[in-house]
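Q: Could we go through this model together, so that I learn how to read its features one at a time? I would like the general idea at each step, and then the case at hand.

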Amino acid sequence: MSTRLPLVVANWKLNGDRELLTNMVERLQTLDAEQVETVICPPFVYLSEETSSIQKGAQNIASQESGAFTGEVSGRMLRDVNCYYVIVGHSERRSLFGETDDVVAEKVKATLSAGLIPIICVGETDEEREQGETLTVITRQVKAVLDVLPSFSDSLVFAYEPVWAIGTGKTASCEQAEDVHSGIRQILAGYNHELANTTRILYGGSVNPDNSEELFGSDNIDGGLIGGASLDVDSFMKICENAVA
């Protein structure tokens, strides 16, 4: 049985408000932190809100530390408001804002330099899956990050999010998701076998209270990166409960 502590991350995207944050923090504090770790990633403007023992994460980070970069937020600034995690390379950042593998790699480096933990998103499109290129794409995305780091860090989290399953209501089957998660762990083992076994790999893509228990029961799925369902406190709580070790 895995000794990796399950991790469930709420990615609110461009949604949510102070009231939702207050209500969610209050409920999440009833969970046993030794059984499941929870993180809330609200829009930047809410990151300075007090969340007690519940960790906060940012949805993006600048690759630069400071300077004339209007609208950007640096790792130092995120640390200053007690942020702990950063989502890097989400498919929406890649597709809507043109973030390439190289840009994602630079942002991972900036995250680690600031003492923060990157949640590195990888995933294939529907067309790439149909062409049998899933693991080729995943391998390219993972290696693009690991190849620019001085060493494999124990402060990495990966999230497999098939692009075709994000916000579509489609979800990868447990077998599909487990196959890719296992493949990611094999790629990591090529860099550091020991850390590959301790690195948490999350699943993201239309996770909900109904499918999360089965997904989280897979050997290599260590929790979830939750989008739409994280905007409802009851739904997100049920998902977190389903992840309990």
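Q: Is D101 buried or exposed?

A: The general idea is to compare the relative accessible area with a cut-off, and buried means under 20%. In this predicted model, D101 has a relative accessibility of 16% and therefore counts as buried.

Q: Which residue forms a salt bridge with D101?

A: A salt bridge is read from the distance between a side-chain nitrogen of Lys or Arg and a carboxyl oxygen of Asp or Glu, which must lie within 4 Å. Here the partner of D101 is R94, and the closest N and O atoms of the two are 2.8 Å apart. R94 is buried as well, its relative accessible area being 17%.

Q: Where is V104 found, and is it buried or exposed?

A: V104 belongs to helix α4, which covers residues 101-113, and it is buried, with a relative accessible area of 1%. For its position relative to V73, the C-alpha to C-alpha distance is 15 Å, while the separation in sequence is 31 residues.

Q: How many salt bridges does a search of the whole structure find?

A: The search finds 12 of them. One to look at is the pair E49 and R18, whose side chains meet at 3.0 Å, N to O. This pair links distant parts of the chain, since E49 sits in the loop between β2 (37-41) and β3 (55-58), whereas R18 is in helix α1 (residues 18-28), 31 residues apart. R18 is partly exposed, with a relative accessible area of 49%.

Q: Which side chain does D222 meet in a salt bridge, and why does the pair tie together separate parts of the sequence?

A: D222 meets the side chain of R185, at 2.9 Å from N to O. Because D222 lies in the loop between α9 (212-216) and β8 (223-226), and R185 in helix α7 (residues 174-189), the pair ties together parts that are 37 residues apart in sequence. D222 is buried at 5% relative accessible area, and R185 is buried at 7%.

Q: Which residues gather in a patch of negative charge on the surface?

A: The idea of such a patch is that residues of like charge, with no salt bridge, are joined when their charges lie within 9 Å. In this structure D126, E127, E130 and E133 gather in a negative patch on the surface. E127 lies in helix α5, residues 126-130, and it is exposed, with a relative accessible area of 55%.

Q: Where is G228 found, and is it buried or exposed?

A: G228 is found in the loop between β8 and α10 (233-243), and it is exposed, with a relative accessible area of 62%. G228 and N60 are 168 residues apart in sequence, and 18 Å apart in space from C-alpha to C-alpha.

Q: How many helices and strands does the protein chain have, and why is it as compact as a globular protein of that length?

A: The chain has 10 helices and 8 strands. Its radius of gyration is 17 Å, close to the 18 Å that the globule rule gives for 245 residues, so the chain is as compact as a globular protein of that length. Along the principal axes its C-alpha trace spans about 45 × 45 × 35 Å, and buried residues make up 52% of the 245 residues.

Key: Residues numbered from 1 in each chain as written. Predicted model: local features only at pLDDT ≥ 70, side-chain atom pairs only at ≥ 80, totals over all residues. Heavy atoms only, no water. Patch = residues over 30% accessible without salt bridge, like charges linked within 9 Å, V, L, I, M, F, W, Y side chains within 5 Å. Areas by Shrake-Rupley, 256 points an atom, 1.4 Å probe, with all protein chains shown as cover. Lys, Arg positive; Asp, Glu negative; His and termini not counted. Charge placed at Lys NZ, Arg CZ, Asp CG, Glu CD. Helix = DSSP H or I, 4+ residues; strand = E, 2+ residues; numbered from the N terminus. Buried < 20%, exposed > 50% of the residue type's maximum accessible area, 1.4 Å probe, protein only. Rg over C-alpha atoms; globule rule 2.2 N^0.38 Å.
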